[in-house]
Amino acid sequence: MKLTGSYKIPTDKQTVWNALNDPKILEKCIPGCEEFKKNSDTSFTATATNKIGPFNASFTGDVELQDLDPPNSYKLVGQGNSPVGFASGEAKVTLSEDAGFTVLTYDVEANVGGKIAQVGGRLIDMTAKKMADIFFGKFSETISPAKEISEQSLEAKSDNKGINKKIIYAVSALVIVGAILLVFL
């Protein structure tokens, strides 16, 4: 199965890169994510449950970041297992800037087997595309500057001392592998 796509995110490339490597942000954005754990600077393990056709599949997957070129690109390689099947694959993720936006482009090649493969490639492709749209929608909303300003304004109003909490994005370049592969696997 091959999937490609791109999303325009309304913030700078470094912020997107940092957020793609922040397990807390990824855990919030991956549909059905129950756990997202950083094992090392280039290795993650995640568990997510999603409905794919007639199956309610809970996948546990391992993702490794390779070919790191911060903040421009990396490759995610991973595999996931579930009682209804397995998936493995890799995703190339690139970031570029365009008029104040960051364009995130992905190219995924994945193999799916077991009972889940019986639902058909088209249904799996549609589900993967839907999950990618959900992930990138939540991701963009979570890290967009407009959201930060809005949250800071609300915090300032509710805090009598006027102390604003800062939203921190960072870690290292791994989580999108888990995000994309778990979204597609």
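Helix α1 is largely enclosed by the rest of the structure, because 7 of its 8 residues are buried. The buried residues of α1 are K13, T15, V16, W17, N18, A19 and L20. The model is a predicted one. The N-terminal end of α1 is capped by D12. There, a side-chain oxygen of D12 lies 3.2 Å from the backbone nitrogen of Q14.

**Overall layout**

The protein chain holds 5 helices and 7 strands. Read from the N terminus, its elements follow the order β-α-α-β-β-β-β-β-β-α-α-α. Of the 185 residues in the chain, 46% are buried. Contacts between residues at least 6 apart in sequence can be split by separation: 62% of them join residues at least 24 apart. The chain exposes about 9100 Å², and carbon and sulfur atoms supply 51% of that area.

**The sheet**

The 7 strands form an open sheet with antiparallel pairing. Their order is β1-β7-β6-β5-β4-β3-β2. Strands β1 (2–9) and β2 (33–40) stand at the edges; each has a single partner strand, so one side of each is left without a neighbour in the sheet. On average, neighbouring strands are turned by 25° against each other, direction ignored.

Which strand does β1 pair with? Its partner is β7 (residues 101–113), in the antiparallel sense, over 8 bridges. Within β7, E109 is the bridge partner of K2.

Two helices lie against these strands. Helix α3 (residues 121–143) packs on the sheet and touches β1, β3 (43–52) and β7. The direction of α3 makes about 20° with that of β1. Helix α1 (residues 13–20) lies across β1, β4 (55–69), β5 (73–82), β6 (85–98) and β7. It runs at about 160° to β6.

**T102, a buried threonine**

T102 lies in strand β7. Is T102 buried or exposed? Its relative accessibility is 0%, so T102 counts as buried. The T102 side chain reaches the backbone oxygen of T11 at 2.6 Å. Leaving aside residues up to four places away in sequence, T102 touches Y7, K8, I9, T11, D12, K13, V16, L95 and S96. Among these contacts is D12, the residue that caps α1. K13 and V16 are also on the contact list, and both are buried residues of α1.

**Aromatic pairs**

A search of the whole structure finds 7 aromatic pairs.

| Pair | Centre distance | Plane angle | Type |
|---|---|---|---|
| F135 and F136 | 4.8 Å | 80° | edge-to-face |
| F135 and F139 | 5.6 Å | 20° | stacked |

Why is the F135 and F136 pair called edge-to-face? The planes of the two rings stand at 80°, so the pair is edge-to-face, the cut-off being over 60 degrees. The planes of F135 and F139 stand at 20°, so that pair is stacked; here the cut-off is under 30 degrees.

F135 and F139 both lie in helix α3. They are 4 residues apart, about one turn of the helix. F135 has 0% relative accessibility and so counts as buried. F139 counts as buried too, at 0% relative accessibility. F136 is likewise buried.

Which residues form the aromatic cluster? Y7, Y106, F135, F136 and F139 form one cluster. Y7 is also one of the residues that T102 touches.

How values were computed:
Residues are numbered from 1 along each chain as its sequence is written. This is a predicted model: local features need pLDDT of at least 70, side-chain atom pairs count only at pLDDT 80 or more; totals for chains, interfaces and linings use all residues. Side-chain values use heavy atoms; hydrogens and water are left out. Two strands pair if DSSP finds at least two bridges between them. Axes are lines fitted to C-alpha atoms, for helices over the stretch in contact, and angles run from 0 to 180 degrees between N-to-C directions. Contact means heavy atoms within 4.5 Å. Buried means under 20% relative accessible area, exposed over 50%, partly exposed in between (1.4 Å probe, protein chains only). A polar contact is a pair of N or O atoms within 3.5 Å; within protein, one must be able to donate a hydrogen and the other to accept it, and residues adjacent in sequence count only if both atoms are side-chain atoms. Accessible areas come from the Shrake-Rupley method with a 1.4 Å probe; for residues, only the protein chains shown count as cover. Rings of Phe, Tyr and Trp (its six-membered ring) pair if their centres lie within 6.5 Å; planes under 30 degrees apart count as stacked, over 60 as edge-to-face and the rest as tilted.
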